[in-house]
Amino acid sequence: MSSKDHISPSPLILVVEDDRFVRELGEIYLASEGYRVTSVTDGVGVRAAMSREPAALVLMDLKLPGEDGLSLTRYLREHYD
């Protein structure tokens, strides 16, 4: 077993933003700081991304198409640590 086997992956950050420019800017910055980043544009994407791999941190836009960021945040608090 090598020492690489003991290294944890960097934390996953989920960026929830419907504005493409802002979303991509956040992705680029966070990745440059060593984080793994997943980004989505709406509530359907949030639920799918979190079911695949829960994020350590979620950066949430409040004004999203369909379901707003506050109701999504409530959902996350009810279903994830």
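Here are legends for a handful of close-up views of this predicted model.

**View 1. The whole chain, laid out element by element.**
The protein chain has 3 helices and 3 strands. Start at the N terminus and you walk through them in the order β-α-β-α-β-α. The C-alpha trace spans about 50 × 30 × 15 Å along its principal axes. Of the 81 residues in the chain, 27% are buried.

**View 2. Strand E1, covered along its length.**
How many residues of strand E1 (residues 12-16) are buried? The count is 5 of 5, so E1 is mostly covered by the cut-off of under 20% relative accessible area. Look at where the side chains go: Leu12, Leu14 and Val16 point one way, while Ile13 and Val15 point the other way. Both sets are buried.

**View 3. E1 with its two partner strands.**
E1 pairs with strand E2 (residues 36-40) through 5 bridges, and the two run parallel. To find your place in E2, look for arginine 36, the bridge partner of leucine 12. E1 also pairs with strand E3 (residues 57-60), again in the parallel sense, over 4 bridges. On that side, leucine 14 stands opposite valine 58 of E3.

**View 4. From E1 over H1 to E2.**
Which elements make the β-α-β unit here? They are E1, H1 and E2, and the unit is right-handed. Helix H1 covers residues 20-32, and leucine 25 lies in it. Leu25 also belongs to a nonpolar patch on the surface, together with Phe21 and Val22. Together these three have about 320 Å² of accessible area.

**View 5. A salt bridge within helix H1.**
The structure holds 3 salt bridges, and this view picks out one of them. Arginine 20 pairs with glutamate 24, with 3.1 Å between the closest N and O atoms. Where do the two sit relative to each other in helix H1? They are 4 residues apart, which means about one helical turn separates them. Arginine 20 is exposed, at 57% relative accessible area, whereas glutamate 24 is partly exposed at 33%.

**View 6. Arginine 36 reaches a loop.**
Back to arginine 36, the E2 residue that bridges to leucine 12. Its side chain meets that of glutamate 53 in a salt bridge, 2.8 Å from N to O. Glutamate 53 lies in the loop between helix H2 (43-52) and E3, and arginine 36 lies in strand E2, so the pair ties together parts that are 17 residues apart in sequence. Both ends are partly exposed: glutamate 53 has a relative accessible area of 35%, and arginine 36 comes in at 30%.

What does arginine 47 pair with? Its salt-bridge partner is glutamate 67, and their closest N and O atoms are 2.8 Å apart. Arginine 47 sits in helix H2 and glutamate 67 in the loop between E3 and helix H3 (69-79), so this pair ties together parts that are 20 residues apart in sequence. Glutamate 67 is partly exposed at 27% relative accessibility, and arginine 47 is partly exposed too, with a relative accessible area of 29%.

A pair of aromatic rings is described by how far apart the centres are and by the angle of the planes. The count here comes to 1 aromatic pair. That pair is tyrosine 75 and tyrosine 80, with 6.5 Å from centre to centre and 65° between the planes. Why is the pair called edge-to-face? Its planes are 65° apart, and an angle over 60 degrees counts as edge-to-face.

How values were computed: Residues numbered from 1 in each chain as written. Predicted model: local features only at pLDDT ≥ 70, side-chain atom pairs only at ≥ 80, totals over all residues. Heavy atoms only, no water. Patch = residues over 30% accessible without salt bridge, like charges linked within 9 Å, V, L, I, M, F, W, Y side chains within 5 Å. Areas by Shrake-Rupley, 256 points an atom, 1.4 Å probe, with all protein chains shown as cover. Salt bridge = Lys/Arg side-chain N within 4 Å of Asp/Glu carboxyl O. Buried < 20%, exposed > 50% of the residue type's maximum accessible area, 1.4 Å probe, protein only. Pairing = 2+ DSSP bridges. Right-handed = clockwise from strand over helix to strand, strands pointing away. Phe/Tyr/Trp six-rings, centres within 6.5 Å; stacked < 30°, edge-to-face > 60°.
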